[in-house]
Amino acid sequence: LVTPVARINCRDHAAFVVFMSLRDGCAVRELALDDVESFMELQDMFVQDHVDLTRTIYPQISIRDWQLHLLCLEDVLDRPGGRLEHARSMAKREHETLRNLRIWVATFGNKSSKRSQLVGYIMYQCHKGCSRKNCQSKMDTPWPYVHVKQLFVVHAHRGRGRGKQLFECMIEALEPALRDDVRLDVLDLNVAAIDWYRAQGFVVDGLTREFLGCRDDLQVIAYQTMRRLLGAPAAKTGAKVPAVLFREEVVGEVVTVTYPDDSGSFDVTIVGWE
């Protein structure tokens, strides 16, 4: 059962609970102040997933490195009560930088009996379109778009449609124009997540890199940027055109791949793209 009550208008900075989804005992709603501590526990699990995915190849990267990369700035992380204060600010959207940020949580159980628990969340940010003359980077477009910053479901509830439920609630709650261009970045090593996003209609739009760790021992982490285009943006950009990195002109080229686990370097020939 999906019941929209009103829609999010990111341009007008609307800030109210507008949507509820109920499916198989799991409800989706906006993050409330009472949820903040449980939400922080989910974010800790989100960080741990990244640690587990990268531990073999990047053993030097610590939990703290991932916390600084995924959750908050160093002064927030180190300040007593800093993360709690930051999470409350996100829930209230009281700062200008957080006005267009939305967090939906999936709850499972009976809230009236206080047995309801948070089992997942999706965090995303709405971006206004800019005039063509003011577009300065790839992320700037003449039309509005949504950037999914984090999507997480606890292990016990994976494979039960929770992630899809969160994603569908986000889409349904958005203004129609904002649904046409949805973007995200996913860890290149997270094959399961990449396959899941492909199933939701996303395609690879490029590769980015992030630097984690201390200054004297920085580690380079690769991300795939993915995008789902519909409507006007798709018509203007060609949603089915492969990303620049994988177009036909590179077929036949030989590239050298050096693996970060010191297993060696290999010359490979590009034979096609998908």
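I count two strands as paired if DSSP finds at least two bridges between them. Helices (H or I, at least four residues) and strands (E, at least two) are DSSP runs, numbered from the N terminus.

The model is predicted: local features need pLDDT of at least 70, side-chain atom pairs count only at pLDDT 80 or more, and totals for chains, interfaces and linings use all residues. Residues are numbered from 1 along each chain as its sequence is written, and side-chain values use heavy atoms, with hydrogens and water left out.

**Entry 1: strand β9**

I looked up the neighbours of β9. Strand β8 (residues 203-212) pairs with β9 in the antiparallel sense, over 9 bridges. On that side I found T208 opposite Y223 of β9. The hairpin of β8 and β9 has 6 residues between the strands, and G213 there takes a positive phi near 105 degrees. Strand β7 (residues 181-187) also runs antiparallel to β9, joined to it by 7 bridges. I noted D185 with T225 in β9 as its bridge partner.

I then checked burial, where buried means under 20% relative accessible area, exposed over 50%, and partly exposed in between (1.4 Å probe, protein chains only). Of the 11 residues of β9 (residues 219-229), 9 are buried, so the strand is largely enclosed by the rest of the structure.

I compared helix lengths with the expected span, taken as 1.5 Å times one less than the number of residues. Helix α1 (residues 36-54) has 19 residues and reaches 27 Å from first C-alpha to last, close to the 27 Å expected. Its buried residues include F39, M40, Q43 and F46.

Helix α5 (residues 162-173) has 12 residues and should span 16 Å; its end C-alpha atoms are 16 Å apart, which agrees. I found α5 mostly covered, with 9 of its 12 residues buried. Among them are L166, F167 and M170.

I took rings of Phe, Tyr and Trp (its six-membered ring) as paired if their centres lie within 6.5 Å; planes under 30 degrees apart count as stacked, over 60 as edge-to-face and the rest as tilted. The structure holds 8 aromatic pairs.

The ring centres of F167 and W196 are 6.5 Å apart and the planes stand at 90 degrees, so this pair is edge-to-face. F167 lies in helix α5 and W196 in helix α6 (residues 191-199), so the pair ties together parts 29 residues apart in sequence. F167 counts as buried at 3% relative accessibility, whereas W196 is partly exposed at 26%.

F167 also pairs edge-to-face with F202, at 5.8 Å centre to centre and 65 degrees between the planes. F202 lies in the loop between α6 and β8, so this pair joins α5 to a part 35 residues apart in sequence. F202 counts as buried at 2% relative accessibility.

Elsewhere I noted one aromatic cluster formed by F39, F46, Y121 and F152.

**Entry 2: cavities**

I used a 1 Å grid over the protein atoms alone: a cavity is a set of points where a 1.4 Å probe fits but cannot get out, and lining residues have an atom within 4 Å of a point. A search of the whole structure finds 2 cavities of 30 Å³ or more. Helix α4 gives the most, with 4 residues.

Methods:
On a 1 Å grid over the protein atoms alone, a cavity is a set of points where a 1.4 Å probe fits but cannot get out, and a pocket is an open set with protein on both sides within 12 Å along at least five of seven lines; lining residues have an atom within 4 Å of a point. Grid points are joined across faces, edges and corners, and a volume is the space filled by probe spheres set on the points.
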